[in-house]
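Visitor: I am new to reading protein models, and I would like to go through this one step by step. Could you take my questions in turn and show me how each answer is reached?

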Amino acid sequence: MSDAGTTVIAVASGKGGTGKTTVAAHLAIAGARGRPTMLVDLDVEAPDASGYFKGAGRSGDASEVSVLVPRLVEARCTGCGLCAKACRFGAILAIGGVITIDPKVCKGCGACVNACPAAALEEIPMTVGQTSSFDADGLAILEGRMAIGDIRSTVVIEAAKKRAAESGAALQIRDCPPGVSCPATHAIEGADYVVLVAEPTEFSIHDLGAAVRLARGRGVPAGVVINKDGFGDADIAGFCEREGIPVIGRIAFKRERAASGAAAEPWSDDAAISGEIDAILALAADGARTDGGLR
Amino acid sequence: MITVSVASGKGGAGKTSLSAAIAERLGAACVFADCDVDAANGAIALGAAGTKSEPYFAGPGFEIDPAACTSCGACQAACRFGAIERTNGSFRVAPELCERCGACLSRCPAKAIRSYEKQAGELLVSDSRLGMRIVHAELEPGEDTSGKLVALVRRRAAELAGDDAVIVVDAPPGIGCPVIASITGCDLVVVVVEASASGVRDAARLVELVGSMRRRAMAIVNKSGLNQAMDDAARTMLKEAGIPVAGEIPFDPALRSVEESNRTWASLDCKAATRIRSALGAVDGAIGALKEKR
């Protein structure tokens with residue numbers, strides 16, 4: 001649960017490309033009309049939410065996200081290899097008394113430093129990504145971005161969540177990464193409600209099933225938005241009924257909506273959509289408050 | 001053995017549809033490795049049957065024995081991931097935050113922390129109605145170590161593949177750990193670029209990763225024709241990166257529900273079919289060239 005006075009809604013999906021970012025951006029636009037709102041981009045491997053706000057300007061400096069990685073002080077190293085034995089990530093090799101550190105696979109846990117009897121390891125920060133803030137006509141946007149070639153997405157996600165919490169925004173809309181593994185888990189952790197965006201395809205139903213299990217396992221209430229409704233024949237609503245999860249909105253498929261989505265242009269002139277988005281936001285906020293929906 | 005990895009950066013760009021179509025054209029001579037282990041749809045695309053399953057263990061997790069715990073807090077101080085929670089004076093490990101580093105274990109003076117093994121998913125091998133073997137996996141939702149499971153899927157695929165076989169890897173979205181595991185050591189990366197603002201941006205990040213890993217790449221632009229500027233952006237990005245384009249596939253709603261009709265994009269009749277076959281032909285050509293070099 002988030003702090004009192006703040007509502008955190010996570011937009012997730014399981015399958016990629018169902019419309020998470022589009023739905024999150026529109027929920028944030030709708031939310032910002034009534035209260036201080038922050039759109040938090042936690043899809044740190046592929047951050048695209050800010051792309052919806054062409055006029056957004058940076059507010060404040062980008063903040064580096066780093067982990068502490070070990071550096072060998074060779075003068076003190078006895079070559080005992082206890083550091084390599086302590087590392088469970090294969091980041092340290094000890095061959096013939098020679099220690100080699102691969103900081104790229106280090107998680108920064110500090111186990112090696114604790115294990116070294118000669119105090120021959122010191123710790124230095126290594127950048128794994130950054131968080132940046134933007135302002136789009138009063139809507140605050142916070143973006144987490146993992147460095148290319150890095151594997152520590154969860155560190156960047158946690159840093160972005162922390163910075164978002166410090167902002168004091170009354171409403172946070174999180175744009176989560178696809179999948180149901182550690183990045184998605186970290187992204188929904190601490191949210192009050194999860195909006196699961198699905199599309200009517202067999203692929204989406206399969207992956208929605210996993211996302212429902214993730215939300216249920218984390219004890220976060222959830223509801224489903226059927227995006228691209230009418231695009232395919234797969235029965236998302238039937239699936240939701242069987243799973244006991246509410247459908248909290250439908251966004252009909254239209255070619256011109258797909259075209260706006262491709263250009264990352266908000267559906268601002270689409271009256272039918274804005275009513276639907278307002279209704280989804282109200283249901284999600286209500287679900288967050290009452291702890292309702294999927295449990 | 002030749003490994004072709006299909007990746008995109010952005011989710012929903014068409015990786016699974018295209019990798020299944022590449023596999024259909026290769027037929028029984030290929031092994032399909034579905035490395036999108038937490039959203040695995042290759043088995044649906046290729047009509048998996050006769051699936052054999054084995055448990056996947058991710059490695060040790062840690063738990064605190066409340067009977068032995070003296071509530072000293074040394075474990076919480078040692079953990080850098082905030083994974084040790086204190087409620088009503090007693091400590092517990094939150095598995096969803098635990099990185100499995102074991103720092104707590106070595107710091108506990110009461111030896112109250114023990115490691116345990118728990119099944120974190122399944123490794124699956126199936127037959128396909130199209131003749132090839134499918135290696136896939138289902139990671140338990142909320143589990144970590146997807147990169148490790150990807151490596152396992154690829155290893156099993158390599159065991160099943162003959163010397164002259166092609167392994168088609170369907171990679172997950174993103175550019176992180178499981179994507180790197182899906183691309184490592186492959187002979188060709190087919191970069192699927194969705195012709196959209198986010199599709200081009202995410203593909204550009206993937207292209208940079210592929211370049212840093214020194215992998216050969218070619219691209220397929222998917223869902224073109226929705227927005228001219230985005231089509232141009234995709235072409236420009238690929239040209240500047242020096243990546244040859246196998247073809248462009250126009251956005252066509254008829255492509256959406258192939259998985260429901262038990263077919264792949266390789267055997268379709270719709271407006272986009274000719275363009276798809278031409279792109280797939282270029283990928284076949286690249287695979288053929290790789291084989292000849294061997």
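Visitor: Which residues have the most contacts inside the largest nonpolar core?

Guide: Before answering, please keep in mind that this is a predicted model. The largest nonpolar core has 197 residues. Within that core, the residues with the most contacts are Val168(B) and Val191(B).

Visitor: Leaving aside its neighbours within four places in sequence, what is Val168(B) in contact with?

Guide: Contact here asks that the C-beta atoms of two residues lie within 7 Å, and neighbours within four places in sequence are left aside. What remains for Val168(B) is Val4(B), Val6(B), Ser19(B), Ile22(B), Ala23(B), Leu26(B), Cys30(B), Phe32(B) and Ala33(B).

Visitor: How many helices and how many strands are there in chain B, and what share of its residues count as buried?

Guide: Chain B contains nine helices and 13 strands, and its C-alpha atoms fill a box of roughly 70 × 45 × 40 Å along the principal axes. Among its contacts between residues at least 6 apart in sequence, 76% join residues at least 24 apart. Of its 294 residues, the share that counts as buried is 55%.

Visitor: Which element gives the largest share of the side of chain B that touches chain A?

Guide: Where the chains meet, 52 residues of chain B are in contact with 53 residues of chain A. The elements of chain B that give two or more residues to this side are helix H4 (103–107), helix H6 (177–183), helix H7 (197–212) and helix H8 (228–241). The side of chain B that touches chain A has 20 nonpolar, 16 polar and 16 charged residues. Its largest share, eight residues, comes from H7(B).

Visitor: How far apart do the C-alpha centres of domain 1 and domain 2 of chain B lie?

Guide: The domain assignment of chain B gives a domain 1 made of two stretches, 2–57 + 141–293, and a domain 2 covering 61–116. The C-alpha centres of domain 1 and domain 2 of chain B lie apart by 41 Å.

Visitor: How do the residues on the side of domain 1 of chain A that touches domain 2 of chain A divide by class?

Guide: In chain A the assignment gives domain 1 (7–64 + 130–290) and domain 2 (67–127), and 39 Å separate their centres, taken over C-alpha atoms. Five residues of domain 1 of chain A are in contact with four residues of domain 2 of chain A. The residues on the domain 1 side divide into three nonpolar, no polar and two charged.

Visitor: Which residue of S7(B) is the bridge partner of Phe62(B)?

Guide: In a regular strand the side chains alternate between the two faces of the sheet. Strand S4 (residues 61–64) of chain B has a covered face with Phe62(B) and Ile64(B), and an uncovered face with Gly61(B) and Glu63(B). S4(B) runs antiparallel to S7(B), and four bridges join the two strands. In S7(B), the bridge partner of Phe62(B) is Ser115(B).

Visitor: Is Lys111(B) buried or exposed, and is Lys223(B) buried or exposed?

Guide: Lys111(B), in the loop between H4 and strand S7 (113–116) of chain B, has a positive phi of about 50° although it is not a glycine. Lys223(B), in strand S12 (residues 217–224) of chain B, also has a positive phi, near 60°. Because 9 other C-beta atoms lie within 10 Å of Lys111(B), this residue is exposed. Lys223(B) has 28 C-beta neighbours inside 10 Å, so Lys223(B) counts as buried.

Visitor: Why is Glu123(A) classed as partly exposed?

Guide: Glu123(A) has its place in strand S7 (residues 121–136) of chain A. Leaving aside neighbours within four places in sequence, Glu123(A) is in contact with Leu68(A), Val69(A), Pro70(A) and Val113(A). A buried residue needs 20 or more other C-beta atoms within 10 Å, and an exposed one has 12 or fewer. Glu123(A) is partly exposed because the number of other C-beta atoms within 10 Å is 15.

Methods
Residues are numbered from 1 along each chain as its sequence is written. Chains are lettered from A and ligands numbered from 1 in the order in which they are written. This is a predicted model: local features need pLDDT of at least 70, side-chain atom pairs count only at pLDDT 80 or more; totals for chains, interfaces and linings use all residues. A nonpolar core is a set of buried Ala, Val, Leu, Ile, Met, Phe, Trp, Tyr and Cys residues joined through C-beta atoms within 7 Å. Ala, Val, Leu, Ile, Met, Phe, Trp, Tyr, Cys and Pro count as nonpolar, Asp, Glu, Lys and Arg as charged, and the others, Gly among them, as polar. Domain bounds come from an automatic or database domain assignment. Two strands pair if DSSP finds at least two bridges between them.
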